[in-house]
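A guided reading in paragraphs would be welcome.

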Amino acid sequence: MIVLGIESSCDETAAAVVNDQRQILAECLHSQVAAHEPYGGIVPEIAARAHLDYLDEIVAGVMADARLTFDDLDGVAATAGPGLIGGLLVGTMTAKAIAAFHGLPFLAVNHLEGHALSFRLLEDLDFPYLLLLVSGGHSQFVIVEGVGTYRLLGSTVDDAVGEAFDKTAKLLGLGYPGGPKIEELAKQGNAKSFDLPRPMIGRKGCELSLSGLKTAVRQTVARLAGDSIPSGDLANIAAAFQTAIGDVLVDRSGNAIRQFQARYPGREAFVIAGGVAANQYLRTRLSELVKGEGMRLHVPPQKLCTDNGTMIAWAGVERLRLGLTDGFDFAVKPRWPLDPHASSKGGGEVHS
Ligand code: KG4
Ligand code: ZN
């Protein structure tokens, strides 16, 4: 079974061809970071136009790399939400057109499901497992019970973790995307130089709230007189911020693990996915916690953590082998929570 997958929900235009033997036959990704960098964040109109400009070529490229024609495929998958509507339309229309012309099934994939199932492309990880999904547009703890069955334990009530990194980096004048820049700078800083809050720590449940931390960084920067902050202080703020995030994630993850273990005693897999999972400091902090709780940490390699077409193609394989195909009338969903039973808060954030 071979599936073409398309991802265009945010600022990456990507496609990949994957089979049900866990082989990536081809993958290609065009990042729009340079186009958005001058604005310090993603501009939806620029993103939609760039997807239009690049997608056809990227799809033709992966098919050529895989040495396949469209008739060799068993299905065509595309991210149908959550995300920016322009990009979602470009990706799903392209997938539907290919599927309709070649008489193939179309698979509308939830972007968050792509992240949630990505580790199963690497190895045969059984359901259920606990997932911490942390990226620029979403931050949530989810029990992955099966393909299409997700139980939301908690999510952010305001900013996503990646968003907090990006906004903090902007305040520090580091540019976009902020995560890697803060991680790098934090290595030279002393986290104890600045005392930043750890919102939600010690509270029940596993919801996150990060806007207070961001405000504290803004106040700290203002106190140090805006743009003439010595570079040593910048590094110290970066380190203090990253450590605060680490403390918050460890506390919240501890509660999520206890809820997961109460529901599924003996199950031990904890998966982290999303762009923030690339952060080595946070990985180390979470790995210590997870070990201490008797669970095992699984983190996909970085190129599978950040947005990519491969995870969408793989989610397409997972859905296709269960017969979960979609009609050509499937409408994109800019908001699309993984767990439809959870409260609307947090479950279906739009990418930012
Ligand atoms: O999953 P992703 O590529 O796109 C979304 O779905 O949002 O994640 C991008 C986010 C950005 O906010 C970026 O700053 C963050 O992931 N990120 C990191 C690191 N690398 C990327 N955050 C912290 N540390 C990193 N090393
Ligand atoms: Zn994502």
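Contact, as the word is used here, means heavy atoms within 4.5 Å. Helices (H or I, at least four residues) and strands (E, at least two) are DSSP runs, numbered from the N terminus. The model is predicted: local features need pLDDT of at least 70, side-chain atom pairs count only at pLDDT 80 or more, and totals for chains, interfaces and linings use all residues. Residues are numbered from 1 along each chain as its sequence is written, and side-chain values use heavy atoms, with hydrogens and water left out.

The account begins with the sheet. Strands of a sheet pair through backbone hydrogen bonds, either parallel or antiparallel. Here five strands form an open sheet in the order 3-2-1-4-5, with mixed pairing; two strands pair if DSSP finds at least two bridges between them. Strand 3 and strand 5 (106-110) are the edge strands, each pairing on one side only. On average, neighbouring strands of this sheet are turned by 20° against each other, direction ignored. Strand 1 (residues 2-7) and strand 2 run antiparallel and are joined by six bridges. Within this part of the sheet, Leu4 stands opposite Val17 in strand 2.

Helices pack on this sheet. Helix 3 lies across strand 1, strand 4 and strand 5, and runs at about 160° to strand 4. Such angles run from 0 to 180 degrees between N-to-C directions, and axes are lines fitted to C-alpha atoms, for helices over the stretch in contact. Helix 11 (residues 310-320) touches strand 1, strand 2, strand 3, strand 4 and strand 5, and its direction makes about 135° with that of strand 1.

Helix 3 also meets another helix. The axes of helix 2 (residues 44-65) and helix 3 (residues 85-102) come within 8 Å and cross at roughly 30°. Helix 2 is therefore roughly parallel to helix 3, a term for angles under 35 degrees, while those over 145 count as roughly antiparallel, 65 to 115 as roughly perpendicular and the rest as oblique. Helix 2 contributes Ala48, His51, Leu52, Leu55, Asp56 and Val59 to the contact, and helix 3 contributes Gly86, Gly87, Val90, Gly91, Thr94 and Ile98. By class, this contact of helix 2 with helix 3 has six nonpolar, five polar and one charged residues. Ala, Val, Leu, Ile, Met, Phe, Trp, Tyr, Cys and Pro count as nonpolar, Asp, Glu, Lys and Arg as charged, and the others, Gly among them, as polar.

Val161, Ala164, Phe165 and Thr168 in helix 5 meet Phe241, Gln242, Ile245 and Leu249 in helix 8. This contact of helix 5 with helix 8 has six nonpolar, two polar and no charged residues.

The loops hold the backbone features. The peptide bond from Gly81 to Pro82 is cis, with omega near -15°, and Pro82 is found in the loop between strand 4 (75-81) and helix 3. The bond from Phe127 to Pro128 is also cis, with omega near -10°. Arg22, although not a glycine, has a positive phi of about 65°; Arg22 lies in the loop between strand 2 (12-19) and strand 3 (24-31). Because its relative accessibility is 31%, Arg22 counts as partly exposed, the class between buried (under 20% relative accessible area) and exposed (over 50%), with a 1.4 Å probe and protein chains only.

Note on methods. Chains are lettered from A and ligands numbered from 1 in the order in which they are written.
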